[in-house]
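Welcome! Here is a friendly tour of one protein model, with a few stops along the way. Take a look at the structure first, and then read on.

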Amino acid sequence: MMPRTATPTSADTTVREEVGIQFPAGSDGTRPTTPTVKAIVAEAVRSSDPTLASRVQADTSWRQGYVGAMRELTVRTANDDGAATTIARNGLAAARAHLVHVANDGTQTPLADLDVDAAVDAARGTFGTHTVDGTAEPRQELAIPYQGRMLSGHDLERQLAAWVHKGIVEQSCADAVMRVVAHPEWLSLPGHVVADIGAGAEMGPLEMLSSWGARILAIDIHRVSERLEKMARDGAGHVSLPTKDGETGADITRDTSAVAAWIDEQAGDDTVVLGMHAYADSGMHIRLTLAADLIATWLQERRPTTVLAYLATPTDAFVVPQEIVDGARSRWSRHGSKDFAKRALRTASRGQLFTEPYPRGSRVADCIIAQQGPNYAVAKRLQRWRAVASEADGRRVSFNVAPATFTRSVTKNTALKAAYAGAHHFGVEVFAAETSRTLMAALLVHDVMRDDLAPGAPPQRAHAEELFSDGAAHGGLWRTAWAPRSALGVAAALGAPKALRRKA
């Protein structure tokens, strides 16, 4: 799936003036993103690592320096489970303290000072509803498309076992999928309604959930409404879209409270599953994330069994179990450190190429790709922080790491397309979008419907960030014999001919 690539500097420094959730205005009237993003990261980590916080604030080349900062922040959470929750809460508080809501009259209010209850009550009735009923019969069996075949039953079980053996997905991922196979009645998510923000996203679950007969509230901007309606008609579920002034769709950064009210009104007695799959370039991604976060926390307070659902990009830094570390280091011992050609390249590059994974004592899988940009990285980290904080508060969260995937956003970037095309040389499998979508939708169903927990309650974890390693389908990035970023350039060189053929 992701990474997303950074937009040009000019788009990164100024956000177009409009009402709704915004970055704070500077003295010159522009709304730069970098000072705010740096402040969020620094304030998140300050109480746990004041030295790192100071380095972040003093960084004068943030577009390059953010990679190390996000890695070190993750290292801090690895060393102290309490720090993981503290950093999450502090980071969320910092984001709400810095970003503002701009009213129609131009008045700016920090998000932290908003009376969300009053705003939601005042916004009730803003949106109407357009519902599309699917025309197909609900699919009664989980089947995942893979290399031209539809895998179900024993075939799917064998493929999951092969992925586990190759280190492409974790055993917990395979187990979760097979529990869904054993419970086909879960597929339609009975008793639940999925409110999906960014419903038109390529990696979103709408198409699959609709084919399984689920009830969905599809929230996205107007220009994708026609595509959402087609997916709904082709499916077997019931898909409702918000309408306003004769137009279908909603911008959650402008109508945050009204969208929250609409979800609450439409959900009725069903349990809400709030999915956040929206993406936009540059600082808009952070604005979308904060808008969704306001909706999420309001729903959790109003409806305590609300389940939050996100997808994690594989190109981030994660705390992983020791077993994964040991497996990757074992591969390094067998292959990485002994391969003459790779040793020569490592020496010639002064240690930049084919370095060992997980330096001794580390449990952090560092898969950050600098090209995706700091705004994207911090937006995804804000989502992770909300998930950690919500689980600490006793709430259910679905947050699965998806494999690298040939999405439209990836294939538009020549360098990333080439790197993905050559990734298989280093034990990494890049998935087709339809495979990833279905696999991730199945994991969402499992997380919502699992019957070994009380409704809405989270599992017990030894470390807060096990939320991300449990059920991970990282595509092999966590278990490869080399530090992923140290092989990226060579993967791109090897994959360039294949990438060019794909383009042709």
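## A first pair of charges

With which residue does glutamate 72 form a salt bridge? The partner is arginine 71, and the closest N and O atoms are 3.5 Å apart. A salt bridge here is a side-chain nitrogen of Lys or Arg within 4 Å of a carboxyl oxygen of Asp or Glu. Glutamate 72, at 29% relative accessibility, counts as partly exposed, and arginine 71 is partly exposed too, at 26%. (Buried means under 20% relative accessible area, exposed over 50%, and partly exposed in between, with a 1.4 Å probe and protein chains only.)

Before going further, please note that this is a predicted model: local features need pLDDT of at least 70, side-chain atom pairs count only at pLDDT 80 or more, and totals for chains, interfaces and linings use all residues. Residues are numbered from 1 along each chain as its sequence is written, and side-chain values use heavy atoms, leaving out hydrogens and water.

## Helix α12 and its link

Helix α12 covers residues 283–302. (Helices are DSSP runs of H or I with at least four residues, numbered from the N terminus.) Its 20 residues reach 29 Å from the first C-alpha to the last, close to the 28 Å expected at 1.5 Å a residue, where the expected span is 1.5 Å times one less than the number of residues. Because 17 of its 20 residues are buried, α12 is largely enclosed by the rest of the structure.

Aspartate 293 meets arginine 386 in a salt bridge of 2.6 Å, N to O. Since aspartate 293 sits in α12 and arginine 386 in helix α15 (residues 374–392), the pair ties together parts that are 93 residues apart in sequence. Both residues are buried.

In total, the count comes to 29 salt bridges. Another one joins glutamate 323 and arginine 479 at 2.7 Å, N to O. This pair links helix α13 (residues 322–336) with the loop between α19 (466–469) and α20 (484–503), 156 residues apart. Glutamate 323 is partly exposed at 49%, whereas arginine 479 is buried at 12%.

## The largest cavity

The largest cavity is lined by 22 residues, of which Ala423, Val428, Leu477, Pro484 and Leu488 lie nearest its centre. (On a 1 Å grid over the protein atoms alone, a cavity is a set of points where a 1.4 Å probe fits but cannot get out; lining residues have an atom within 4 Å of a point.) The elements giving two or more residues to this lining are α17 (414–422) and α20. The largest share, 5 residues, comes from α20.

Notes: On a 1 Å grid over the protein atoms alone, a cavity is a set of points where a 1.4 Å probe fits but cannot get out, and a pocket is an open set with protein on both sides within 12 Å along at least five of seven lines; lining residues have an atom within 4 Å of a point.
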